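Take a look at the structure below. This briefing picks out a few of its features, one topic at a time.

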Amino acid sequence: MRRLPLTPVTASHRSAPSIHKHGSSMASNISGSSSSSDRQRVAQHRLRVIAGHLQRSAESDSVIQAAECKASVSESVAADSETRTVPRRRQEIMKWNGWGYSDSRFLFNKKGQAEFTGKRYRLSGLIIPGLKDWFEGTFGANLQHKSPATPILNSNATHPPNLNKAFVEELKSTGVPFSHDTEDRVFRAHGHCLHEIFALREGKVGRVPDMVVWPNCHNDVVKIVELATKHDVCLIPYGGGTSVSSALECPPEETRSIVSLDTSQMNRILWIDEKNLTAHMEAGIIGQDLERLLNEIGYCTGHEPDSMEFSSLGGWVATRASGMKKNIYGNIEDLVVHIKMVTPQGVIEKGCVGPRMSTGPDIHHFILGSEGTLGVVTEVTMKIRPMPEYQKYGSVVFPNFEQGVACLREVARQRCAPASIRLMDNEQFKFGHALKPQVSSLFTSFVDGLKKFYITKFKGFDPNHLCVATLLFEGDREKVLQHEKQVYDIAAKFGGLAAGEDNGQRGYMLTFVIAYLRDLGMDYYVIGESFETSVPWDRVLDICRNVKARIIHECKEKGVQFPPLSTCRVTQTYDAGACIYFYFAFNYRGLSDPVHVYEQVEHAAREEILANGGSLSHHHGVGTLRKEWMRETISSVGMGMLKSVKDFVDPKNIFGNRNLL
Amino acid sequence: VTESVLYSRPDWNHDEEFVDILEDRRHSSDLGHALRTFNPQPYQGGQPCSAAELTKTVLESQHLCYVIALETGSSIEEVTEEARRTLDEMSQNLQLGFIRLMSFTLTKVFKKLFSSIFVNMDTLSTLQQSIQQTPVILMPNHRSYVDFLVISYIMFSYDLPIPVIAAGIPLAGMKMVGEILRRSGAFFIRRAIGSDKLYWAVLSEYVKTIVRKGHAPLEFYVEGLRSRTLKSITPKLGMMHMVLEPYLKGQVFDITLVPVSISYDRVLEESLLSHELLGVPKPKESTTGLLKASSVLQDSYGAMHVNFGHPLSVRELLKGKINRCQYNFVPRSKDLPQKPSAEVQACVSWLAHVVVGTQEQGSVISPWSLMTCLLLQAPITVLTVEGFPWHQLTEKTLWLKRLVLNYGVRLNWSDVMSSSLTLHRSVVQRKADRVYLVREKNEPRRRPVSEEASVTATAKSVLMLAAYRNQSMHVFVRPALLAVALNITRNELFAFFCFLQSLFSYEFIFIPGMQFEDACLLLKKCGAIRINSDEVIVSDSGQEILSFHQSLIQPFIDSYQVTFSSLSEQEPDVFTDKQFLPAVRNLATRLLLSGEIHTYEALSSDTQKNSLSALQRLEAVRKLRAEYKVDKAAVKHLADRLCKSHQ
């Protein structure tokens with residue numbers, strides 16, 4: 001194990017050119033690097049990273065009391081103010097009532113063309129010519145009919161903070177920064193469920209935390225939890241805020257003071273162990289920072305959930321997250337080696353970091369998926385891998401969804417799935433197609449036309465049935481090419497035609513911009529959401545058909561005036577089944593309570609999923625949104641087990657978000 | 001509440017458009033019709049599937065392969081071969097050419113037999129939409145062999161996909177006809193399947209594949225067989241289970257059930273029916289038999305009404321009734337036909353009852369059927385000797401017409417009553433303004449007719465009349481049970497109603513729930529009763545209506561009592577299937593001759609069997625393998641309880 005240098009860093013290091021751009025785009029940072037074996041470059045990288053990491057900002061807010069974990073700062077790699085993506089005041093760079101960065105959004109310009117603003121993403125600054133027609137055609141929406149959001153938060157919308165004076169007094173003495181500013185509180189009162197964002201856009205705010213605290217390290221958390229327990233204050237851990245399970249909503253019946261514990265400032269990589277290929281991090285670090293910092297020294301975790309721009313390591317652990325490239329790297333439960341969690345009963349962690357243990361039920365599994373009901377995850381040791389030498393996107397077009405699923409099943413059977421393999425249905429294929437940016441060259445559009453002609457006319461694929469699988473290969477260049485051939489050969493047996501890298505890459509782009517697109521839809525009376533499940537292979541086709549049909553059926557039943565978008569993709573493959581992801585959106589003009597209609601439809605869709613053998617959730621978690629189905633999901637005895645753990649660990653329900661149970 | 005909405009009696013929409021489809025045929029070329037362009041809009045979720053492809057899919061299905069692999073004793077090849085043979089015997093071979101041939105022939109035949117074939121055009125167009133959206137199951141009632149292809153004929157005429165039809169295996173055995181039916185879309189099912197696992201597997205996979213693919217509607221008779229009494233038969237559930245399974249297991253989003261009500265003014269097989277009910281066995285289906293029977297083609301049979309019911313969504317009907325998660329643990333490929341859970345059985349049974357109930361509601365009642373309701377209430381001597389005064393019959397029939405219109409029934413009142421009488425001259429005749437029952441002319445009297453033979457002859461005619469009365473029995477049965485109950489008790493009205501309902505549960509179709517409310521509602525609607533808070537009060541004018549209803553149900557009560565007496569006399573208290581019917585029939589004949597009972601319907605083997613089933617259900621009789629054991633005390637108790645209704 002290599003300890004990172006303890007020497008103070010001079011100012012000259014600081015002026016070294018920064019290699020990490022603030023919030024670099026996900027879609028663009030996956031460029032291939034074949035120089036990972038180049039030791040010198042790696043060493044240089046490392047130097048620069050460390051140099052950058054060790055500079056903490058001296059910024060101090062008048063409201064926020066700054067404090068450092070002095071014990072640990074000198075011997076750790078921390079994201080400094082430049083590299084730190086998430087400031088305490090999130091609203092400075094992020095939307096308070098929508099997804100993502102304030103500077104990045106879709107809009108229809110004066111010519112009625114869609115464009116994506118900002119500079120962060122591949123799509124930024126580009127015109128997307130096909131989006132308007134797709135949008136209007138799919139939803140029956142009209143650019144004349146706008147439903148704009150309330151631009152600014154009215155500070156009267158929130159109740160004044162209900163502070164526990166004794167708690168606040170003692171907290172002050174610890175020096176941990178906190179705030180009861182309205183904007184700070186409102187920002188941490190929600191995740192990204194449709195109803196939460198819809199309410200914010202209308203300027204409506206429900207129960208919000210009374211106060212936000214920003215611990216800087218594990219010890220800060222220990223102090224906060226002790227004080228909360230002592231003074232009977234309700235704590236709600238907050239990581240990246242990307243929850244889609246109503247897991248961050250303050251329980252309306254909660255009468256105690258609610259404190260949001262924002263882990264975003266606990267964002268250091270504490271050490272990297274190249275011998276064992278592990279890294280030890282504070283749990284507040286967000287996905288893109290973790291990955292970028294590791295990349296700079298030639299490593300990666302390979303954990304890339306769709307929310308990785310904003311979601312945090314602690315959040316992944318607390319929800320049993322899953323990453324796009326789990327076929328190579330595994331899901332979060334496969335990646336963690338050691339977890340430290342602070343509970344009202346004290347700190348829970350294993351006594352060693354052995355790679356596997358037979359020591360009774362794995363206590364990590366009480367923590368993984370505990371959704372903030374037992375404590376705060378503060379530090380995690382995670383596996384790391386050398387960065388892949390080569391990356392290649394790909395895509396395959398199938399004549400229909402059935403053939404596509406059969407192909408994915410075969411790929412899973414042969415255990416040769418690439419880093420990522422996803423199968424989009426016809427509607428989603430069209431959706432992805434509508435996001436094609438304007439092509440600059442006549443030649444490209446000519447080639448596109450030829451491709452289309454070849455597939456639909458020459459090969460006889462019905463444009464209304466064909467579907468596309470997107471692929472991402474990673475590894476040694478040679479192995480990737482070999483692997484690619486193997487997968488394409490299997491695809492050919494199921495009538496699949498290779499359809500190029502471009503289609504593949506665009507498919508993944510859809511994932512990262514979908515949440516921004518939802519905000520665009522909401523500007524024009526269109527609301528939507530995604531949800532997921534996992535299901536055995538033999539039920540994949542049935543569940544996809546039935547859930548999509550159920551959505552359409554329920555929309556009609558509930559008086560939705562326009563046919564909804566109801567689409568799915570098989571987004572992960574396993575030995576014994578697959579993960580299915582559904583998108584669902586509709587035009588709500590003519591409805592008096594669109595969110596209620598939306599919730600009824602989503603509820604019905606979840607019932608349909610369960611009736612068809614699907615799980616309650618593959619990786620989004622339960623939160624409070626899906627609690628009602630927990631008993632049938634894990635049985636009464638299972639509920640009792642979880643309940644008794646909760647009762648022991650947190651008898652006073654300090655972690656009172658009321659998720660799961 | 002939703003249940004009552006789903007199958008409560010909707011008032012007959014008088015705007016419904018019934019069109020006589022023979023009208024066009026009488027004015028244009030039959031050949032032209034047979035050769036018409038046929039361009040149906042099939043189920044959108046499915047792809048066309050030929051008969052050969054269907055067979056192949058079934059044979060290669062994982063499910064069948066699994067069952068085959070489980071069959072021990074012979075090699076996989078042998079079992080596969082047997083499965084293939086079974087499929088060959090079973091499968092339909094629908095061909096458009098034969099549909100055209102069939103259409104041509106049927107046009108000729110129908111024009112000869114029927115004055116018109118009325119089809120409800122409104123619901124036909126609803127059907128067209130349903131067919132495009134979900135797999136559709138056509139579920140007609142079965143009153144005549146003519147039913148068999150009439151739906152295919154209509155579907156062909158109106159550009160709807162030709163259904164595949166479940167038929168009994170005897171039809172397949174008929175020379176030529178079997179093959180013609182097969183090519184017209186019929187597939188054939190053995191009658192007694194018993195425990196032949198392979199056969200079950202092949203059949204259920206065949207049926208389920210048809211439902212899943214949805215390329216053609218599936219047609220089957222949920223009653224299982226042709227009703228000899230023209231009354232609905234308690235539905236059989238085997239086929240129903242197979243049909244519903246793809247929905248229950250999530251293999252299709254929904255299934256649409258379309259009950260079809262086919263009503264005949266006069267049934268071709270009418271004389272055959274009463275023969276069979278009196279114990280003369282049904283002739284074996286054969287082509288020569290069919291040709292011999294062609295004499296019936298010389299006669300006329302009035303109008304036929306085909307009413308496609310409103311499509312019933314299985315998903316909608318089963319909402320909240322079945323937890324489909326129970327199927328999620330069994331892999332699709334290892335999905336053996338297993339005994340469904342009690343919950344599923346109850347639901348499927350309920351659904352089948354809803355279908356039959358809907359068939360009944362959709363049927364069209366003829367004036368003749370109302371007339372028979374009245375004729376059968378007269379003492380037998382009035383019908384055989386004195387004659388029923390014509391003016392009294394017409395007057396009472398008009399009274400009854402008003403009553404049933406109050407009940408919201410579809411009436412076909414285009415015929416005047418006298419022409420009804422003409423149409424049914426084989427049963428009744430009018431002489432000097434009196435109506436007499438026609439008794440079958442005996443063979444030239446070589447020897448004096450025995451008393452028993454005379455009873456049988458009268459019974460034959462009475463049962464024919466009863467069959468036509470049964471066409472409208474479903475309209476009256478609920479109020480009738482209430483009328484009987486009102487005669488006995490006021491305090492335990494509901495309990496007694498339930499008792500009668502469970503006693504007659506094999507005789508009439510009762511959809512669980514709401515029956516009592518329905519009965520009250522109807523009697524209230526026609527002014528026979530008033531309901532004050534929780535009390536039922538018979539109105540002054542109500543007695544006439546109530547006694548009409550009581551008299552209507554009385555033959556059934558009397559017939560059941562005969563069974564009860566017969567079983568009480570039974571020594572020892574064990575009997576077999578073979579002994580049961582003759583014993584009851586002998587007792588009934590004896591009682592008729594001695595004048596202790598008056599209803600000839602007691603001789604109907606159908607009623608006798610139903611009463612035995614009811615006794616089993618009420619646990620007064622237990623079945624032990626081939627024998628039945630009587631609990632005489634229980635039978636006596638039932639008889640006493642029912643007896644009160646005489647007083």
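Which residues in helix 6 of chain B are buried? They are Val79(B), Ala83(B), Thr86(B), Leu87(B) and Met90(B). Keep in mind that this is a predicted model.

**Helix 6 of chain B**

- Helix 6 of chain B runs over residues 76-90, which makes 15 residues.
- From its first C-alpha to its last, helix 6 of chain B reaches 21 Å, close to the 21 Å expected at 1.5 Å a residue.

**Nonpolar cores**

- The largest nonpolar core has 151 residues.
- Phe114(B), Leu127(B), Phe308(B), Phe476(B), Leu482(B) and Phe504(B) touch the most other members of this core.
- Two domains of chain B, domain 1 (3-362) and domain 2 (473-646), each supply at least three residues to this core.
- Leaving aside residues up to four places away in sequence, Phe308(B) has contacts that include Val119(B), Leu127(B), Ile151(B), Val258(B) and Pro259(B).
- A second, separate core has 103 residues, among them Ile236(A), Val411(A), Leu471(A) and Tyr598(A).

**An annotated span in chain B**

- An unreviewed UniProt entry places the feature "domain: Phospholipid/glycerol acyltransferase" at residues 136-265 of chain B.
- The end C-alpha atoms of residues 136-265 of chain B are 28 Å apart.
- This span of chain B is 38% helix and 19% strand.

**Tyr581(A)**

- The UniProt annotation "active site", from an unreviewed entry, covers Tyr581(A).
- Tyr581(A) is in strand 21 (residues 577-587) of chain A.
- Is Tyr581(A) buried or exposed? Tyr581(A) has a relative accessible area of 9%, so it counts as buried, the cut-off being under 20%.
- Not counting residues up to four places away in sequence, Tyr581(A) touches Ser530(A), Phe531(A), Glu532(A), Thr567(A), Cys568(A), Arg569(A), Thr571(A), His619(A) and His620(A).

**Chain A as a whole**

- Chain A has 21 helices and 21 strands.
- Chain A has 661 residues, and 59% of them count as buried.
- Take the contacts in chain A between residues at least 6 apart in sequence: 78% of them join residues at least 24 apart.

Terms used. Residues numbered from 1 in each chain as written. Chains lettered and ligands numbered in written order. Predicted model: local features only at pLDDT ≥ 70, side-chain atom pairs only at ≥ 80, totals over all residues. Heavy atoms only, no water. Core = buried A, V, L, I, M, F, W, Y, C linked by side-chain atoms within 4.5 Å. Buried < 20%, exposed > 50% of the residue type's maximum accessible area, 1.4 Å probe, protein only. Domains from an automatic or database assignment. Contact = heavy atoms within 4.5 Å. UniProt positions renumbered as here; feature names shortened; annotations may be inferred. Helix = DSSP H or I, 4+ residues; strand = E, 2+ residues; numbered from the N terminus. Expected span 1.5 Å × (residues − 1).
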